[in-house]
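Notebook open, structure on screen. I'm jotting down what I looked up, one topic per entry.

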Amino acid sequence: MTSPEESQPALPGLAPRRRRRAPAGVRLAQDRPVARLVLELTPPHLDRLFDYAVPADLAEAALEGTRVRVRFAGKLVSGYVVERAEDTDHDGELAPLRAVTSTEPTMTPEVWRLANAIAERYAGTRQDVLRLAIPPRHARVEGETWPEPEPVAPPRLSGEAWTDLQGGPALLTHLAAGHSPRAVWTALPGPEWSDAIAEAVAACLASGRGAVVVVPTATHVARVAAALERVGVPPWRAGLDGGFVTLQADDGPAPRYRAFLAALRGRARVVVGTRAAAFAPVERLGLAVCWQDGDTLHAELRAPYPHVREVLAIRAEHAGAALLIGSFSRSTAAQRLVETGWAHPVAATRATVRERAPRVRALTSQELAREGASAHARIPSAAHRAVLDALARGPVLVQVPRRGYVPVVACARCRAVAGCARCSGPLGLRKDGPASCSWCGTLARGWRCSQCGGDGLRSVRVGSERTAEELGRAFPGTRVRQSGSGPGVLEEIPAEPAIIVATPGAEPVAEGGYAAALLLDAAVWTGRWGLHAGEDAVRRWFEAAALVRPAGEDGQVLLVGDGAPVPTQALVRWDPAWFAERELAERRELRLPPAVRVATVTGTREAVDALVGRLELPEGAEVLGPVAVSPRALGPGAQLGDGLEAPVRVLLRVGYAGGARLAAELRASLAVRSARREGGVARVVVDPRDID
């Protein structure tokens, strides 16, 4: 083993330590007796390969990609064999491998190349990426005996879901021919998006290649799985050579590892799952699909915080595979890919959109001026009449931005948002108790407004529970159901009249489509602080509105509230590409992502200053800050009261071409910080989704 000191640059005048090639008494493998390993070590300065000697008795087991155990700095640690070599650059003695814990080559060359690329892009370590890419070993599953596989019949290639899209049929033709197109796909309204994905996967399978499909939630996974079965791609089982597996964290350790092995061994040709599936080791990858790339669930919460869209784009380039980014709307990141020519748009004509989309009406205060006092109600009389009329024809969807009873409240006198006296977090009301803090849970007994001294509270954002209660009183005799993380997510509902109150992402599919949809609190969506406030509003509105029947079948969508003009117009016109184009142009003018690359360095003042001070930034780079931020900006592990009450943040901004240099500098500075064991806390996030 090379020593930890050799992972750092040698100081002037000092030669690195040397050891003999192998310890006495250890008989080395005859063929390639040196193993180069990546070890499960968290310090950034140890993110390098270490050379170990391969004993003769482990020569046949310690192959590339296998898991091994070695002694490092006096402790046994695990790692992966990256490669076997005939010799080492170090003349000294190499410590031997202690054991091969698994002969399964779980770290494939493709995964190793991808781990390197993702670590470089996000200024992380390769071990952090491998932790995301490879699930924990499950010995019992690994030891299962699978019967001889039976081949799966070829899937059906209908292409019906793509016929109304410009470029859709050509996309399937290229996939079936073994080509690798890159497309940004704007889906038409309706539940057929999963059928379109299944048909694209079937076309890819026809060329003898595999596919990876990554979606935001388990509900999306189930819909894609059902669509794959409809085109003749069966769920994989031990006796099949082909089919698909689902890969998601909620499946549990054993099913998840079994699905991973099925893809690794080439038995399952298609993997469908949430963000961990982006790294699935599919044999001969031919197509990578990301559905709803703007969803926050596609952003990894663990270091180095990669985004699924970027992981799949890098992987598609490495593998020479096709890439399909789909959504009912269009993210600004996807729009940048279109405008740079890296990907081609696939969308319907305006005539087709008008035929398939519901009628959208924005109930703004100006629109409702003649309604009188009812215009200021949360559900104005015009919306009440529309819901009553739609209930005669089928179910009605009501989308609410937040779950709960009254998630946010304000002073009844001056309308200032009510804050917690202990931690300054926002106060919220619950159905069964007084107001309490949404951050620390402290009850707001005896609360008084810091602005005017008032002691009354009023609702600012009403949650799904309160909305369902109000609708139950407004429409007596009508069944009101909730769908969300609290009451549970409904997947499908019958065509019978009912009101479905759902939080974003939890809208169930209605048989035959909804007769109408009521999208409440438009001002709350677009009035939030955040880089993606308008983009998120458009995405969530389109997701809900796409479930409504076409205008020709009297389908209607009502957007209630004074939302920002551009997002509102995008929905009324049903033109998400127009919104993405405008939004990206504005981001370019303001030098905001994704038109530029940014990174945040958050932590204690001394640690941030030291880390940023070592950077040699590319020309034109900007350093913004430091500014004081909440301890919550340090991530889920940092809480109030742990001595980190006053962290600061520095924002680094460079042109898109300088992003790689910025990430490399941050990665090197983190390695120096780790090697020197500098104190304090510093958290680096490259291309953060939100900067609060």
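Predicted model: local features only at pLDDT ≥ 70, side-chain atom pairs only at ≥ 80, totals over all residues.

**Entry: helices 15 and 16**

I started with this pair: helix 15 and helix 16 are roughly antiparallel to each other, because roughly antiparallel is the word for angles over 145 degrees (under 35 is roughly parallel, 65 to 115 roughly perpendicular, and the rest oblique). Helix 15 covers residues 565-573 and helix 16 covers residues 576-590; their axes cross at roughly 155° and come within 8 Å. The axes are lines fitted to C-alpha atoms, for helices over the stretch in contact, and the angles run from 0 to 180 degrees between N-to-C directions. I also noted how helices and strands get their numbers: they are DSSP runs counted from the N terminus, with at least four residues of H or I for a helix and at least two of E for a strand.

Which residues of helix 15 and helix 16 meet? On the helix 15 side I found Val566, Pro567, Gln569, Ala570 and Arg573, and on the helix 16 side Trp578, Phe579 and Arg582. Contact here means heavy atoms within 4.5 Å. Sorted by class, that contact has five nonpolar, one polar and two charged residues. The classes: Ala, Val, Leu, Ile, Met, Phe, Trp, Tyr, Cys and Pro are nonpolar, Asp, Glu, Lys and Arg are charged, and the others, Gly among them, are polar.

**Entry: what I'm looking at**

Residues are numbered from 1 along each chain as its sequence is written, and side-chain values use heavy atoms, with hydrogens and water left out.

I counted up the secondary structure next: 18 helices and 30 strands. The protein has 692 residues, and 55% of them count as buried. (Buried is under 20% relative accessible area, exposed is over 50%, partly exposed is in between, with a 1.4 Å probe and protein chains only.) For contacts between residues at least 6 apart in sequence, 74% join residues at least 24 apart.

Trp574 sits in the loop between helix 15 and helix 16. Its phi is near 50°, which is positive in a residue other than glycine. Buried or exposed, I wondered about Trp574? Trp574 counts as buried, at 7% relative accessibility.

I looked at Asp687 as well, with phi near 55°, again positive in a residue other than glycine. Asp687 lies in the segment after strand 30 (682-686) and is partly exposed, with a relative accessible area of 21%.

**Entry: cis peptide bonds**

The bond from Pro593 to Pro594 is cis, with omega near 5°. Pro594 belongs to the loop between helix 16 and strand 27 (596-603). Gly625 and Pro626 are also joined by a cis peptide bond, omega about 10°, and Pro626 is in strand 28 (residues 622-628).

**Entry: helix 2 and its neighbours**

Helix 1 (residues 109-121) packs on helix 2 (residues 126-133) at about 125°, axes 8 Å apart. That makes helix 1 oblique to helix 2. The contact uses Val111, Trp112, Ala115, Asn116, Ile118 and Ala119 of helix 1, plus Arg126, Val129, Leu130 and Ala133 of helix 2. By class I get eight nonpolar, one polar and one charged residues.

Why is helix 2 largely enclosed by the rest of the structure? It is because seven of the eight residues of helix 2 are buried. Among them are Gln127, Asp128 and Leu132. The buried residues of helix 2 pack against strand 1 (34-39), strand 4 (75-85), helix 1, helix 7 (253-264) and helix 18 (659-676).

**Entry: Ala280**

Ala280 is in the loop between strand 11 (270-273) and strand 12 (285-291), and it is buried, with a relative accessible area of 1%. Leaving out residues up to four places away in sequence, Ala280 touches Val212, Leu247, Val271 and Arg315. Ala263 is 17 residues from Ala280 in sequence and 7.1 Å away in space, C-alpha to C-alpha.

**Entry: helices 5 and 6**

Last pair: the axes of helix 5 (residues 193-206) and helix 6 (residues 218-230) come within 8 Å and cross at roughly 55°. Helix 5 and helix 6 are therefore oblique to each other.
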